[in-house]
Amino acid sequence: MPTAVISDVHANGEALRTVLADIEARGVQRIICLGDTVGYGPDPLECVDLVRAKCAWSLMGNHDFGVLYEPTNFNPGAESAAFWTRDQFDREENDALRAERYDFLGKLKVRMVEQMPQGAEPATVESILAVHGSPRRPINEYIFPDDASTSPDKIESILGRVKHICIVGHTHVPGVFTSEPDFYPPSELGEMTYKFSKGEKAVINVGSVGQPRDFDPRASYAILHPDRVQFVRVEYDIAKTASKIKAIPQLNNWLGDRLFEGR
Ligand code: ZN
């Protein structure tokens with residue numbers, strides 16, 4: 001059975017609902033989430049409730065951490081969004097629901113080992129490591145596509161902490177880091193699919209549902225199969241999310257504008 005991997009929803013309810021419908025239409029029944037469900041976007045409560053209801057588990061991203069504990073190394077726009085988001089959690093009048101949401105944030109995992117879905121053939125990979133940022137610093141470290149050429153030592157050090165395959169989010173740029181080291185965006189992979197091979201090591205970024213930054217504004221997620229990962233893009237109502245952002249003074253207008261450009 002395949003597993004859908006979503007990440008970096010960033011409180012974009014339009015994008016999340018569209019992605020969940022796409023996953024359901026494909027008959028994929030299991031979903032996991034790599035974190036940053038909140039932060040930046042206008043629908044934090046809806047997104048947390050959907051992730052709580054639909055995902056087998058979710059990780060702690062730096063924005064989830066920022067809302068629950070404190071925003072660390074956030075730019076002013078991100079910090080303002082984090083405080084506004086916290087206010088939305090606090091304003092919930094239903095005591096039990098407010099407590100449940102905070103409990104969900106407080107119990108987010110920092111790293112998980114996911115057993116691979118089993119297919120007709122024996123799986124190439126038995127289990128994969130899942131973190132929001134990187135295996136070295138699970139919540140905060142970025143693994144950028146450029147690192148493959150400018151910081152090969154960094155990629156080598158990161159892959160040294162991976163047994164086989166690691167899945168991440170955080171940069172909002174989907175693709176595959178291999179041990180050469182090299183980076184392959186989904187568009188350079190046949191059928192947007194990366195096939196696992198025995199003994200190799202790779203870090204796979206599933207991209208962002210709610211704020212893609214690879215200049216493709218469509219929501220990004222991935223589907224894990226026993227022998228491969230398939231990247232998926234879906235169009236959603238960007239204008240609706242952007243107008244909600246612009247109606248909230250604490251959310252910088254740029255947070256809406258950037259969605260149209262995918263950056
Ligand atoms: Zn993020």
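Where is the place of threonine 124? Look at the loop between strand E3, which covers 111–115, and strand E4, which covers 127–131: threonine 124 is in that loop. Keep in mind as you go that this is a predicted model.

Now see what surrounds this threonine. Leaving aside residues up to four places away in sequence, threonine 124 touches His164, Phe196, Ser197, Lys198, Pro226 and Asp227. Take Asp227 from that list: threonine 124 and aspartate 227 are 103 residues apart in sequence, yet their C-alpha atoms are 5.5 Å apart in space.

Phe196, another of those contacts, leads us to the aromatic rings. There are five aromatic pairs in the structure. To describe a pair of aromatic rings, you give the distance of the centres and the angle of the planes. Start with phenylalanine 89 and tyrosine 102, whose rings make a tilted pair, 5.5 Å centre to centre with 45 degrees between the planes. This pair links distant parts of the chain, with phenylalanine 89 in helix H4 (residues 76–91) and tyrosine 102 in helix H5 (residues 95–106), 13 residues apart. Phenylalanine 89 counts as buried because its relative accessibility is 1%, and buried means under 20%. Tyrosine 102, with a relative accessible area of 22%, is partly exposed.

Back to phenylalanine 196: its ring pairs with that of tyrosine 194, and this pair is edge-to-face, at 6.3 Å centre to centre and 70 degrees between the planes. Both tyrosine 194 and phenylalanine 196 are buried. A ring can have a charged neighbour too: arginine 258 lies over the face of tyrosine 40, at 6.0 Å from the ring centre.

Aspartate 8 and histidine 172 link distant parts of the chain, 164 residues apart. You'll find aspartate 8 in the loop between strand E1 (3–6) and helix H1 (13–25), and histidine 172 in the loop between strand E5 (165–168) and strand E6 (175–178). Aspartate 8 counts as buried at 0% relative accessibility, and histidine 172 counts as buried at 2%.

Notes
Residues are numbered from 1 along each chain as its sequence is written. This is a predicted model: local features need pLDDT of at least 70, side-chain atom pairs count only at pLDDT 80 or more; totals for chains, interfaces and linings use all residues. Side-chain values use heavy atoms; hydrogens and water are left out. Helices (H or I, at least four residues) and strands (E, at least two) are DSSP runs, numbered from the N terminus. Contact means heavy atoms within 4.5 Å. Rings of Phe, Tyr and Trp (its six-membered ring) pair if their centres lie within 6.5 Å; planes under 30 degrees apart count as stacked, over 60 as edge-to-face and the rest as tilted. Buried means under 20% relative accessible area, exposed over 50%, partly exposed in between (1.4 Å probe, protein chains only). A charge sits over a ring if NZ of Lys or CZ of Arg is within 6 Å of the ring centre and within 35 degrees of the ring normal.
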